[in-house]
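Subject: Structure handover

Hello,

Here is the structure I promised you. Please open it next to this email and follow along as you read.

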Amino acid sequence: MITTKELEHLASLSRIELSDDDKKTLAKEFDSILGYIDQLNRVKTDTDTSARIGAVRNVTRVDVPETISADDRKKLMDEAPDTEGDFIAVTNIFK
Amino acid sequence: MNKIDLTTITVSEASAKMKSGEMTSVALTEAYLAQIEKSNKDINAYLEVFDDAIASAKASDKRRAAGKVGALEGIPCAIKDNILIKGKIASSASKILENYHATYDATAVSKLKDAGAIFLGRTNMDEFAMGGSTENSAFGVTRNPYDLERVAGGSSGGSAAAVAMNGALFALGSDTGGSVRQPSSFCGVVGLKPTYGAVSRYGVMAMGSSLDQIGPITKTVTDNELIFKTISGKDDKDGTTLSSEKTGIHTNRKPVIGIPRHFLGEGIKKDVLDNFDASIKRLENIGYKTVEIELPNISYSLMVYYIVMPAEVSSNMARFDGVKYGLHVDGANIIDDYFKTRRAGFGREVIRRILLGTYVLSSGYYDAYYNRANAVRKMITDDFVKAFETVDIIATPTAPSPAFRIGEKNNDPVSMYLEDIFTVTANLTGLPAISLPSGFAKAGDKDLPLGLQFIGKFGEEGTIFDVGKSFMGEV
């Protein structure tokens with residue numbers, strides 16, 4: 001059983017506002033989903049739980065800045081909800 | 001010029017007809033736009049039809065006249081709404097990106113452009129590809145062309161329905177747990193989930209980064225192979241991509257087909273099982289050897305998937321903060337901006353998965369869920385590696401049922417998740433898998449399509465295409 005307090009904590013970590021109704025529905029759904037995936041506890045796994053699948057490997061590359069055209073730059077900026085001059089504007093952090 | 005019959009035409013035929021001068025890309029594109037105009041208001045496969053499709057077709061006809069002919073020259077297609085086309089809206093069927101314009105092309109899209117393809121529009125989907133019915137779209141459900149009361153499947157329901165309603169010659173979808181194959185099964189079309197790393201994900205919105213692949217949806221296996229070859233290959237912008245010699249491989253022996261009979265029991269509709277048995281008979285009749293195989297841990301696949309996937313979702317969705325792009329809702333302060341924006345912009349399933357992912361990754365639960373899931377994922381992969389010592393293809397039904405009724409599974413997430421039971425293993429293991437139309441189930445006066453799934457060895461799309469073509473009678 002997931003508690004309302006636990007749900008509120010998860011919502012706070014996830015930066016999502018939840019209404020009381022949301023919490024009620026989610027608690028019910030969580031119980032059903034966790035009840036399902038908890039069956040995994042029946043599996044005997046090796047002690048090595050850090051195992052990764054074969055095809056997955058790290059690929060690195062040199063970190064070099066790419067120059068983009070003024071037009072592409074403008075298009076990127078146009079997607080921001082709020083801008084000031086050449087900058088993306090956010091709500092004041094320091095008052 | 002004769003009227004173009006969109007119900008039977010394939011990419012290969014259309015290319016041949018344009019080559020011989022019997023048809024132009026403009027005429028073909030006009031025919032598709034007319035068909036979309038007729039069908040889309042009922043089916044809602046397309047979220048937007050592009051107003052520059054005819055102009056692109058004109059440019060293609062010009063290129064052809066000048067002797068410059070790409071592999072998909074003049075072929076009209078549809079693109080899932082989570083794959084970027086520069087300058088077009090890409091919303092992932094979410095309110096949070098409702099007015100977002102892509103600022104660059106996905107690699108798969110630029111490869112299609114280079115090959116001469118025409119983009120008809122962007123297709124509906126479950127929001128951020130999270131769902132199995134396209135009911136989670138913020139812009140309305142996509143209806144199944146075979147029965148408007150039923151879902152088209154998901155999450156690439158719009159792409160599968162677009163091809164099935166004769167509204168595109170092919171479409172791109174994305175597949176994280178079955179999102180290309182299950183809607184292809186529901187809509188009676190061919191859908192491929194390529195080997196992990198075969199197709200670049202640069203420019204597709206990430207959902208589960210260790211699982212996601214872009215895949216083609218077509219009417220024939222031959223067409224599917226052509227699109228796959230066009231969009232696959234190494235890409236510097238996606239570090240997981242493999243060079244083209246490492247995928248699309250054909251086995252050089254007569255493929256043996258394995259059947260995990262022990263996994264085909266509980267929760268599967270009788271129609272589906274009967275059809276599957278008939279499909280296996282058909283394969284035997286055309287000369288394939290079939291053997292029963294054991295995949296001891298396969299029944300845990302879906303549980304592993306519903307831990308790994310939400311964990312990756314919770315991380316990938318963190319980028320939507322109302323600052324750089326997309327929806328912004330003002331709160332009391334900057335932190336509250338995030339809370340308000342994300343609550344207003346995300347639908348219920350997306351929120352559910354973010355919270356679930358946060359839960360399985362949180363301190364105290366990480367070992368019990370995420371680490372255990374990774375260990376079992378490795379065990380499942382080992383089972384497949386072992387099975388592939390004796391067989392070349394593993395066959396299962398694509399989905400446990402034909403298309404279900406709209407609303408039928410809305411209030412029961414687990415029953416919706418069970419739709420992915422046969423498809424998630426290919427994503428967990430990185431193996432290629434295809435869904436082929438295999439017949440119909442009767443529901444009242446309607447015929448609902450069913451699908452047969454082939455899972456191949458790592459990098460062996462060629463083998464599943466070969467057997468797929470002989471199953472479909474294409475050779």
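The accessible surface of chain A comes to about 7200 Å². Carbon and sulfur atoms account for 52% of that surface. Please keep in mind that this is a predicted model.

Now for the burial. Chain A has 95 residues, and 27% of them are buried.

Next, the layout. There are 3 helices and 2 strands in chain A. Read from the N terminus, the order of these elements is α-α-α-β-β.

What makes up the nonpolar surface patch? Four residues form it: Ile88(A), Val90(A), Ile93(A) and Phe94(A). The patch covers about 430 Å².

Look at Ile93(A) in particular. You will find Ile93(A) in the segment that follows β2 (87–88) of chain A. Is Ile93(A) buried or exposed? Ile93(A) counts as exposed, because its relative accessibility is 57% and the cut-off for exposed is over 50%.

Then turn to chain B. Two helices pack together there: α7 (residues 221–231) and α15 (residues 461–471). Their axes lie 9 Å apart. The angle between them is about 160 degrees. So α7(B) is roughly antiparallel to α15(B), since angles over 145 degrees count that way. Which hand does the crossing of α7(B) and α15(B) have? The crossing is left-handed.

Start with the patch in chain A, then view the helix pair in chain B.

Best wishes

Terms used: Residues numbered from 1 in each chain as written. Chains lettered and ligands numbered in written order. Predicted model: local features only at pLDDT ≥ 70, side-chain atom pairs only at ≥ 80, totals over all residues. Heavy atoms only, no water. Patch = residues over 30% accessible without salt bridge, like charges linked within 9 Å, V, L, I, M, F, W, Y side chains within 5 Å. Areas by Shrake-Rupley, 256 points an atom, 1.4 Å probe, with all protein chains shown as cover. Salt bridge = Lys/Arg side-chain N within 4 Å of Asp/Glu carboxyl O. Helix = DSSP H or I, 4+ residues; strand = E, 2+ residues; numbered from the N terminus. Buried < 20%, exposed > 50% of the residue type's maximum accessible area, 1.4 Å probe, protein only. Axes fitted to C-alpha atoms, helices over the stretch in contact; angles between N-to-C directions. Parallel < 35°, antiparallel > 145°, perpendicular 65-115°, else oblique. Left-handed = near helix turned anticlockwise from the far one by under 90°.
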